[in-house]
Amino acid sequence: MKQFIISWRQKLNGSKRGQSLVEMAIITPLLLFLFLGVFEVGWALRGYLVLANVNRETVRYGVKNGILDYSIKDPATVGYDVVLSHTLNSLSDQLPLKFDAGDSNATIIMSHFYVDTGYPCIIYQGVNPKVPYEFDPTCDCNEDNPADPQWFTRDDLILHPDTPGYAYYAQIYGINKTTRLGGGSYQAMADQLALENNQLNCNVLKTGTTGELSSNNVFIAETFYDQPQLLGVPFLANRLTNPIPFYTHTAMRIVVSRDANTTNSVGPTCTVYPITFPQLVNPITGTTVIDAYEGAPPGGFGWLNWDPGDNSNTYVAEELHNPVLTMHDFMGLKPSPDLSPDPTNTGFNVGDWVSGKTGVSNSDAVMDELEKLVNKTILVPVYDTHGGSGSNKGYHVAHIARITINKICLPRSSASCYTPGSKSIHATFEGYADESCQ
C-alpha cells in the first residue's frame, strides 16, 4: 500500500511538471511579445520626447533678438539656415535627423505670423468710422467668431506665409510636406491668432488701460519624423507601426528688444500715406529736401484715394490716420485715357495707376492728421506722370519713397511758414523702399 502511494505521488508530480512545461510553452511567446512591446514603446516614447525637445529648442533660439531678420523679402537672408544649424547641433546625435536635399528622413517647417489687429471695436459716425479711431466700450470681448462684424478689420496688419508677397515667412527643410497649422491652412491659423488678439485688446481697453495695443508676433516650428522600430520584430512591425510617424510643433512670441538696433521682425509692408510727391532727380539719402507741391505740374498735386469710389475729406483723413488702408481698400485704375477703376487690381504695387482726389482741400480732420506726421518717417508714393481729370484723376507710381516730414505749410497749419497762395509739404528723402509694395 505504501509503495502504491509513493508511485502515485511520483506520477502526480510528473504530471504537474508536464503541465507547467505546457503552460510555460504557451505563455512564453506572449511574455516575449509583451517584453519586446515594452522596449518598442519605450523607444518610441524616448524618440518623441527628444524630437519635441529639439523642436522646442529650435523655436526658443529662433525668437531670440538678432537671429531672424525679415527686413528683406528673401528667405536666404532671414536666418532660417542659422536656426537649422543650431537645431542639428542641439541634437547631439540623439536622433538621426537628416534634412539635406536628396538625403532626407525628416521635415522641419519654420513659419512666422505677424498679427496686429489694432482696435478691436470702434465707434462709427453714421456708416463711417470716427477718426481718430476710438474704442467702443459696448464691444463683446467674449465673441469667438473671427468673422463677427463687431471686430474692426480696417486697421488690421496680418501677415503670414500665404499673404501675397510674404511666402518668405516660411521655410521647409527636408522631405516636402505641408503645414498642419490651422488644419493645413496658414490663413485659418492667422484668423485664430487675430481673434485671440482682438479679445485680448478688447479686455485691456475695457479696463481703461492706456498705452500701445498688443500684437501677436509668432514664430512656429513643425517637425515631422518617421522613426523605425528598435527591433522590428515580425507581427509587431507592420505598415501601421513601423516606422512610427511623429509630429510636433511649438509656437513662441517674438519679443522685440528695446534696443535701438533691434532686428526687423515684421519686414517691409505696403503701409503708404496718400501724399503724392513728384519724381525726384538724383536724390541723396538724408540730404535731399523735397516738396510735395514743388515740381508738380499745374493741378498735379492731390491726395490719393486707395478706394476710387470715396472722394471725401473724411476718407483722406482716415488714410492719413491709418496707413494700413493701403492693404485693405486699394483698387487701381486702368492705364487708359479715362483711368477708370480696375476691379481686378486690388494689390498696390509700384507701376500702378492710383486714384487722386479732385482739388486740394485741407479740412480740419485732414490737417489734424497731417500735423501728427511732422518729424515722422513714413512711406509715400512718387509719381512720374499724372493724367485724367475730375473723378478720373490718377497718378502713375514710379517708386515708393521713405521720407521724414519736416514741416507742413497749408491753410490752418500750425507752422508759421504758410502764406496765402503758397502751399508746401517739406520732407527729407531717406531712400527708396520699392520692395515694400511689390
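1. Basis. The model is predicted, so that local features need pLDDT of at least 70, side-chain atom pairs count only at pLDDT 80 or more, and totals for chains, interfaces and linings use all residues. Residues are numbered from 1 along each chain as its sequence is written, and side-chain values use heavy atoms, with hydrogens and water left out.

2. Overall composition. The protein has seven helices and 16 strands; helices (H or I, at least four residues) and strands (E, at least two) are DSSP runs, numbered from the N terminus. Of its 438 residues, 43% count as buried, where buried means under 20% relative accessible area, exposed over 50%, and partly exposed in between (1.4 Å probe, protein chains only). The accessible surface comes to about 22,100 Å², and 55% of this belongs to carbon and sulfur atoms; the areas come from the Shrake-Rupley method with a 1.4 Å probe, and for residues only the protein chains shown count as cover.

3. Contacts along the sequence. Contact means heavy atoms within 4.5 Å. Among contacts between residues at least 6 apart in sequence, 74% join residues at least 24 apart.

4. Disulfide Cys-121 to Cys-139. A disulfide is a pair of cysteine sulfur atoms within 2.5 Å, and by this rule the count comes to three disulfides. In one of them, the sulfur atoms of Cys-121 and Cys-139 are 1.9 Å apart. Cys-121 is in the loop between strand E3 (106-116) and strand E4 (124-125), and Cys-139 is in the loop between strand E5 (128-129) and strand E6 (157-159), so that the pair links distant parts of the chain, 18 residues apart. Cys-121 is buried, with a relative accessible area of 4%, and Cys-139 is buried at 3%.

5. Disulfide Cys-141 to Cys-202. The S to S distance between Cys-141 and Cys-202 is 1.9 Å. The torsion about their S-S bond is about -75 degrees, so the disulfide is left-handed. Because Cys-141 lies in the loop between E5 and E6 and Cys-202 in helix H4 (residues 186-206), the pair ties together parts that are 61 residues apart in sequence. Both Cys-141 and Cys-202 are buried.

6. Disulfide Cys-270 to Cys-437. Here the sulfur atoms of Cys-270 and Cys-437 are 2.1 Å apart, and with 100 degrees about the S-S bond the link is right-handed. Cys-270 is in the loop between strand E9 (244-253) and strand E10 (277-278), whereas Cys-437 is in the segment after strand E16 (424-432); the two are 167 residues apart. Cys-270 is buried, with a relative accessible area of 7%, and Cys-437 is buried at 1%.

7. Partners of E16. Two strands pair if DSSP finds at least two bridges between them. Strand E11 (residues 289-291) and E16 run antiparallel and are joined by three bridges; Asp-291 has His-426 of E16 as its bridge partner. Strand E15 (residues 394-409) also pairs with E16 in the antiparallel sense, over eight bridges, and Ile-403 is partnered there by Phe-429.

8. Partners of E13. Strand E13 (residues 353-356) points Trp-353 and Ser-355 one way and Val-354 and Gly-356 the other way, and all are buried. Strand E12 (residues 304-305) is joined to E13 by two bridges and runs antiparallel to it, with Asn-305 partnered by Ser-355. E13 and E15 run antiparallel as well, with three bridges between them; His-396 in E15 is the bridge partner of Trp-353.

9. Helix H5. Which residues of helix H5 (residues 313-321) are buried? They are Tyr-315, Val-316, Ala-317, Glu-318, Glu-319 and Leu-320. What covers them includes E5, E12, H6 and helix H7 (364-371).

10. Second largest pocket. On a 1 Å grid over the protein atoms alone, a pocket is an open set of points where a 1.4 Å probe fits, with protein on both sides within 12 Å along at least five of seven lines; lining residues have an atom within 4 Å of a point. The second largest pocket has a volume of about 710 Å³, a volume being the space filled by probe spheres set on the points, which are joined across faces, edges and corners. Its lining consists of 35 residues, of which Ile-158, Thr-163, Pro-164, Met-327 and His-328 lie nearest its centre. E6, H4 and helix H6 (325-329) each supply at least two lining residues, and the largest share, six residues, comes from H4.
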